[in-house]
Amino acid sequence: MHAWPASEVPALPGQGRDLRIHDTATGGLVTLDPGPVARLYVCGITPYDATHMGHAATYNAFDLVQRVWLDTKRQVHYVQNVTDVDDPLLERAVRDGVDWTALAEQETALFREDMTALRMLPPQHYVGAVEAIPGIVPLVERLRDAGAAYELEGDTYFSVEADPHFGSVSNLDAAAMRLLSAERGGDPGRPGKKNPLDPMLWMAAREGEPSWDGASLGRGRPGWHIECVAIALDHLGMGFDVQGGGSDLAFPHHEMGASHAQALTGEFPMAKAYVHAGMVGLDGEKMSKSKGNLVFVSQLRREGVDPAAIRLALLAHHYRSDWEWTDQVLRDALARLERWRAAVSRPDGPSAEALVEQIREALANDLDSPAALDAVDSWAALQQETGGTDPGAPGVVSRTADALLGVAL
Ligand code: 5CA
Ligand code: ZN
C-alpha cells in the first residue's frame, strides 16, 4: 500500500540527543543506541473507524521517537501495518451492510489524510495484512514443521511453550494473561488447545467470510499477531529498535508477536524496546471503536480546527499517561497555538539557543513533551513581556517546533 506524503523536517543547529525511553519488557528506561539507521515498527489501525484521538495520541508518540532520532542525524526505517482483514472489521461491514474491502479502503484513506494533516511522518513501508498473506503462510508452515504450532479442527495454533521467553514482554501472571486474552481477541476457553493462551496463526475458512490459499494449511486467513511479525521481519529483521503501540497491545499482541518471531528465528529479543502509549479516554472510559465514545480527528478538521492545535493537545500529555479528552484540552491547545504564533511572528526576540537544548533534553527524556511545551511557553512569555533583539530567534523557534514537535507555526 502507499503511505502518505512526508512533511519536511528542518535541520536544527547543534547536536541531537540519544533517546532514553521506557521499555515495557524491562519495566524501566533504556537508552537506545541504534545504528545509523534506526528501525521502528508501529502497529497500524484496523480500518473500520478512523482516526480517533486515542489513535492520534499513540501515533504522535512514535512520531516523536522518529523526530528525536532524525535530530541525531540518523535515518529511520519505519514500518507500519494496516489490519485490513480481521474479525472487528468484518463484523462492522456486516452490521452496516457494506463491502469489507470498501470499508477498509475508505477508512485507510481517511487515516492517511489525518496523518498528513497532523504532520505525522509516514512509514517507508505501509503494509496491509491482505498483501502480507503470501509471506505469512510459509512462516506458519515453518512454525508447524518445527513443532511450535499445531492443528485444531482445521485451525492452526501457536504453542506458547515453544518460546522459552514467552511472558517477557508484558511480565503478567497467568491469570491476568488469561483474562486479557479473552478480552482482546483470544479464545482461552476453546476446548482442545494445548495451552488456553495459545493464539491462532491461521484460521480455516469460515462460511461467508473471505479466505485465501494457505498451501498446506488449507484455505483461510491469518491470525492477528503473525500478521505484524511477518511484516516486521520482512522489512526490519530481528533485533529492531522499537516495537510500538498503545498499552492495550502489550498483551497479547506484542507478547505473542515476540514469541512467534523468537520461535521462528531462535533469536532473542525481537525488539530492543517495547514502547507503549497510554490510553485516551472520553467521559471516564477508554476511547474505543467498539464502545463508540469517539472524537475523530477528521470531524475536528471539518469543524475548522487547525491540525496544529490538535497536535498541541496531544503533546500536552505525557505519552505514557492515560488521559481524558475534553473540550477544555482543545481550548487550551488553541490558546497556546495563538500565543506561539504571535510570538514567532515578531521580527526579533529573546535568544532561542537555550530553548532548542531544553526541548531536545525534554524529548530525549522519555519523550517528555509537556516539558517541551513548557519551555516554548516560557520563551513566548518572555517575548510577550520584554521582547528581545535576536533577529534569528523567531525563525529558530518555528523550525524547532516543526522539526521536533511536528507543529507548524
Ligand atoms: N490493528 C491493530 C494493531 S496491529 C490495532 O490495534 N488497531 S486499532 O485501530 O485498534 O488501534 C491502532 C493503535 O491505536 C494501536 O496502537 C492502539 O493501541 C491505539 N489505540 C487504540 N485506542 C486507543 C486509545 N483510546 N488511546 C490510545 N491509543 C489507542
Ligand atoms: Zn500489530
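The model is predicted. Its zinc ion (ligand 2) is held by C43, C228 and H253. A search of the whole structure gives 26 salt bridges. One network of them links R17, R20, D71, E357, R360 and E361.

**Zinc site**

- The zinc ion (ligand 2) is coordinated by SG of C43, SG of C228 and NE2 of H253, at 2.0 to 2.3 Å.
- The arrangement is tetrahedral, because the 4 donor atoms around the zinc ion (ligand 2) subtend angles of 102 to 119°.
- For reference, the ideal angle for four tetrahedral donors is 109.5 degrees.
- Along the chain, the donors of this zinc ion follow the spacing C-x184-C-x24-H.
- C228 sits in helix α6 (residues 224-235) and H253 in helix α7 (residues 250-265), so the pair ties together parts 25 residues apart in sequence.
- C228 counts as buried, at 4% relative accessibility.
- H253 also counts as buried, at 2%.

- Strands β1 (residues 20-23) and β2 (residues 28-31) pair in the antiparallel sense, over 4 bridges.
- H22 has L29 in β2 as its bridge partner.
- The hairpin has 4 residues between its strands, and G27 takes a positive phi near 75°.

**A129 in helix α4**

- A129 belongs to helix α4 (residues 129-145).
- A129 is buried, with a relative accessible area of 0%.
- Beyond its neighbours within four places in sequence, A129 contacts V82, T83, D84, V85, I136 and E227.
- T108 is 21 residues from A129 along the chain, and their C-alpha atoms are 13 Å apart.

**Salt bridges**

- E361 pairs with R17, the closest N and O atoms being 2.4 Å apart.
- E361 lies in helix α11 (residues 353-364) and R17 in the segment before β1, so this pair ties together parts 344 residues apart in sequence.
- Both ends are partly exposed: E361 has a relative accessible area of 34%, and R17 has 27%.
- D63 and R311 meet through their side chains at 2.6 Å, N to O.
- D63 is in helix α1 (residues 53-71) and R311 in helix α9 (residues 307-315), so the link spans 248 residues in sequence.
- D63 is buried at 1%, and R311 is buried at 0%.
- D71 forms a salt bridge with R360, with the closest N and O atoms 2.6 Å apart.
- D71 lies in helix α1 and R360 in helix α11, so the pair ties together parts 289 residues apart in sequence.
- D71 is buried at 9%, and R360 is buried at 3%.

Technical notes
Residues are numbered from 1 along each chain as its sequence is written. Chains are lettered from A and ligands numbered from 1 in the order in which they are written. This is a predicted model: local features need pLDDT of at least 70, side-chain atom pairs count only at pLDDT 80 or more; totals for chains, interfaces and linings use all residues. Side-chain values use heavy atoms; hydrogens and water are left out. Two strands pair if DSSP finds at least two bridges between them. Helices (H or I, at least four residues) and strands (E, at least two) are DSSP runs, numbered from the N terminus. Donors are N, O and S atoms within 2.8 Å of the metal (3.2 Å for Na, K and Ca); water is not among the atoms, so sites may look incomplete. Four donors count as tetrahedral if all angles lie between 85 and 135 degrees; four count as square planar and six as octahedral if opposite donors are over 155 degrees apart and all others between 65 and 115; anything else is irregular. Buried means under 20% relative accessible area, exposed over 50%, partly exposed in between (1.4 Å probe, protein chains only). Contact means heavy atoms within 4.5 Å. A salt bridge is a side-chain nitrogen of Lys or Arg within 4 Å of a carboxyl oxygen of Asp or Glu.
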